[in-house]
Amino acid sequence: MDLGDCPNIHDLALRADYELAAKSKDYFYDIDAMEHLQSFIADCDRKTEVAKRRLKETQEELSEEANSKAEQIHALGEQIGTLMARAEEIATAGEVDESIKMLEEVEALKAKKSQAEIEFRNSMPASSYQQQKLRVCEVCGAYLGIHDNDRRLADHFGGKLHLGFITIREKLDHLKVLVSDRRAQREAQKEEIRQRREMEDADRARGMAASDRSPSRNKNTYDRDADRGGRDRSRDRIRRRSRSPDRHRRKRRYVPTK
């Protein structure tokens, strides 16, 4: 399952900055990470269920006894593969004694598995036993066969895909415990931010409406002042004209000499 390159930036310096900033403010990034992992695991589980239904439709139905033995063989095979992968890992790290102890456990499990395979073979016809019985890994969704050898099982249970899904599921369980009480806090913070933005938008809208009305109001005031000034000037001219004949007559009045 290849998801391609991660679109996020993975920088140790940025991580240190985040850890420092998170001490003063909760950014709820762990909740975002949990939701992302939940969607990833849900997709894997959905594909696992589809594969199970497909196997149920295509494989021959086993009896209850044979099915019980098959499940036992699968469980023992998973334990053997996991221990072998772990033994190789710690042997590479230099812990030889611990690796030898694990290999001894592997040999004991192999003996149990051989006995379970004999009982499984005796619980069904020989023709049915020769058919490959598959099952789906509950962790990563890969197909496993009941006749897979120990090397094949070790490669699967010690592979990057299987171990990666184990890490993801463990991390998801850990995050679920951490964020169970903080999800409501994040939602309350989001609601507060949303209300604050709505108030800011409303204030900006009122300010823009007021600025749009002010030029027209100033223009109307200017027009009224201009009309009033024009009327005043007209009245002044009329008054001057009405007074001008008397003034001229006073200037031409005859004064007799003595």
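The model is predicted, so local features need pLDDT of at least 70 and side-chain atom pairs count only at pLDDT 80 or more, while totals for chains, interfaces and linings use all residues. Residues are numbered from 1 along each chain as its sequence is written, and side-chain values use heavy atoms, without hydrogens and water.

**View 1. The ring pair F40 and F165.** Rings of Phe, Tyr and Trp (its six-membered ring) pair if their centres lie within 6.5 Å, and the count comes to 2 aromatic pairs. In one of them, F40 and F165 have ring centres 5.6 Å apart and planes at 10°, so the pair is stacked (planes under 30 degrees apart; over 60 is edge-to-face, the rest tilted).

**View 2. The helices that carry the pair.** F40 lies in helix α2 (residues 29–58) and F165 in helix α7 (residues 160–179), so the pair ties together parts 125 residues apart in sequence. Helices are DSSP runs (H or I, at least four residues), as are strands (E, at least two), numbered from the N terminus.

**View 3. The largest cavity.** Its volume is about 70 Å³. A cavity is a set of points on a 1 Å grid over the protein atoms alone where a 1.4 Å probe fits but cannot get out; lining residues have an atom within 4 Å of a point. α3 supplies the largest share of the lining, 4 residues.

Notes
On a 1 Å grid over the protein atoms alone, a cavity is a set of points where a 1.4 Å probe fits but cannot get out, and a pocket is an open set with protein on both sides within 12 Å along at least five of seven lines; lining residues have an atom within 4 Å of a point. Grid points are joined across faces, edges and corners, and a volume is the space filled by probe spheres set on the points.
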